[in-house]
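Here are my notes on the model you sent. Please read them beside the coordinates.

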Amino acid sequence: MQNSSAEIKSSRGFTHGEEDWTMVIKPQSSLFDLELKEVWRYRDLLLLFVRRDFVTFYKQTVLGPIWFFLQPVLTTIIFTFVFGNVAKLSTDGIPHVVFYLSGIVLWSYFAECINKTSTIFIANANIFGKVYFPRIIMPLSIVVSNMMKFGVQFLLFLAAWIYFITKGAGIEPNLYALLFPFLLFLMAGLGLGLGMIISSATTKYRDLTFLLTFGVQLAMYASPVIYPLSTLEGNIRLLILLNPMSAIIETFRYGFLGEGTFEWVYLGYSTLFCIIAMYMGTLIFNKVQRSFMDTV
Amino acid sequence: MSDSSIKVENLSKQYRLGLVGTGTLTHDLNRWWHQVRGKEDPYLKIGETNDRATKGKSDYVWALKDINFEVKQGEVLGIIGKNGAGKSTLLKLLSRVTTPTTGEIKAKGRIASLLEVGTGFHPELTGRDNIYLNGAILGMTKAEIKSKFDEIVEFSGAARYIDTPVKRYSSGMRVRLAFAVAAYLEPEILIVDEVLAVGDAEFQKKAIGKMKEVSKGEGRTVLFVSHNMAAVQNLCTHGLLLMNGTVLNIGNTNEIVKQYLSINQKQLSTGYEEFEDEGKEAWVHSITLKNSQKETTSKLKFGEKFSVKLKVECNIDVSNLEPLIAIDTSNEIRVFTSSSGEQGMSYSVKKDSSVEVEAFFDNLVLVPGEYSLVLALRSGKTQQFDVIFNALKFEITEEAYIGVVPHNGSWGVIRVNPVWKF
């Protein structure tokens, strides 16, 4: 009886022909429909999210933005002591401080991007459940706001770098340093792509969140953050090179510090990895974001 | 070309019940396997209508099933229904928070939804920052917010606190600020959930006024969900009644509200109701409504004297039992509450005995309409033995008892006879 009343109403709905609807909500849409126009319309939101992240980071702290520096400085001191002085790992003749600092600053950008991106669905379920905006704004804002943080930390690296150059510590930068913007793009892409894949999977299966923090930490040791690639040989070297971050870190060191392993093939592998991760990440994210509220 | 603003066609939404966990993976794989072979999703064929009260056999349930309706531009559609009728699901689909299982929604223009006030408010940010952030989340551009910033602040009445972090705000102030942002949205279609249930009376009035202005003055389409029938009647031009995930009726607001209330409440009784013991120390056994002729009835004439007789039973000794009587309108507005204690009357009842009490209403003139009695038993001000909402429904008919002309509901709930003097 209820059904019949619904059908009577439906006849009212079909009296008009096709009209100029500006929006149609359907169960399924094309995977490739990224709604870039929508994303562009919400660009202010992206900037406001970035601003929010940046401002709230040091709200009610005494040291304020100095915290951005403190983290890499302390880690560098620890690494210099543990790996440089106690374990006496090689740094290819580069001063310990710049060697570790370069690795840490690069790695922490990638790690932050992937960690933050991987929890967006769960962390923002309350917002996503109440209002629509292109969901991809969220991971993009994470990448951008972490880039600001990275920028600040990168200044720290530059300061140390210039100090050691003027001291004549044998640092010989070369033109490959100009690859830096491209490297930054690769790191952002990797963090974003992998993060989106993981975040999409975690909406239904939470197991991955536990693996991730651990996995990212482990992956750092499987990358040349604390040792140069040149000290490795054979299968271990290949294994480390499988980590897409390895070539990025090595290229960066080669350009800025004059020591390191640079091969176009290695960087090409990282680039390909990044493109695939971005592609898959966007597709999966786009599919999941449409109905994740039902399963999160 | 017609002036439709939203058209909903065969819209359905299926949910899986129970825990997402064991079995999810196998269902997902099965679904994927069907999809790969180009077959229909096997789980779409099953599922039951959404009736909360009965325990279903299937793990899948249709929160909405084959919904069809159309909203014209400038209409204010009130969506009503019991809890679990599918109102929120419908709003979620319309506001694109989640996608339908089958069917389509077509719309003209931007849809902005207000399923909650203050979505995305960050407690550490100042009021100013939150206005921008919240506005952008709701779909405004920075320039739009900037141009309306002063009006938003004025509407919220929080000008003094605008550079203070929102975490220092009172909850009421936070809501006012959030609603102010939403009020200055300029979408073609606005979707509002029961956000008006917050804030003080003055602010609610302001909010309803603003919504009326938006729909009437600016020709926007508004979809409004509420349990507050007075607000729905006040605001909406049309009503949509949902029940167990299907559209029961759509049309004139007053008729829809009336239909909803008649489903929702007990049918008019004969004027006599009995209640269960339920292990209370003192409880109302039965209640009788009597007209001026001492006949038991649920229909009273306009202006007729009536009385309410209670039979109270006690399982313990109670020395100062005070019955309370209240009357609610069908819109759930409390007309009055009266306790026998106010007249200095209290009753002493022995264990395992009963007492009959009758309250006479000689001067209460209720306007025609449906009402319900609320009863309670107390001892002093501290102890409450029993309370029964909706204990007995009765009707005041249009027929006048004593030669006075009844007026319709728009003059208020009761009629009073003041003494007019020069």
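1. Conventions. Residues are numbered from 1 along each chain as its sequence is written, and chains are lettered from A and ligands numbered from 1 in the order in which they are written. This is a predicted model, so local features need pLDDT of at least 70 and side-chain atom pairs count only at pLDDT 80 or more, while totals for chains, interfaces and linings use all residues.

2. Confidence. The mean pLDDT of chain B is 82, and 87% of its residues reach 70 or more; pLDDT is the predictor's confidence in each residue, from 0 to 100. For the complex, the predictor gives an ipTM of 0.80 and a pTM of 0.70. Where pLDDT is low, the predicted coordinates should not be read in detail.

3. Domains. Chain B splits into domain 1 (4–9 + 67–263) and domain 2 (272–415). The bounds come from an automatic or database domain assignment. The C-alpha centres of the two domains of chain B are 38 Å apart.

4. The sheet. Chain B has an open, mixed sheet of six strands, ordered β6-β7-β8-β4-β9-β10. Strands are DSSP runs of E, at least two residues; helices are runs of H or I, at least four; both are numbered from the N terminus. Two strands pair if DSSP finds at least two bridges between them. β6 (111–114) and β10 (246–252) of chain B are at the edges with a single partner strand each, so one side of each has no neighbour in the sheet. The twist averages 15° from one strand to the next.

5. β6(B) runs parallel to β7 (189–192) of chain B, joined by four bridges. Here Ile111(B) is opposite Ile189(B).

6. Interface. Chain B gives 50 residues to the contact and chain A gives 37 residues. Contact means C-beta atoms, placed from the backbone, within 7 Å. β1 (23–25) of chain A pairs antiparallel with β5(B) over three bridges. Ile25(A) has Ile105(B) as its bridge partner.

7. Positive phi. Which residue sits in the loop between α4 (66–86) and α5 (96–118) of chain A? Asp92(A) does, and its phi is positive, about 60°, although it is not a glycine. Asn390(B), in strand β21 (383–400) of chain B, has a positive phi near 55°. Most residues other than glycine have a negative phi.

Terms used:
Axes fitted to C-alpha atoms, helices over the stretch in contact; angles between N-to-C directions. Contact = placed C-beta atoms within 7 Å.
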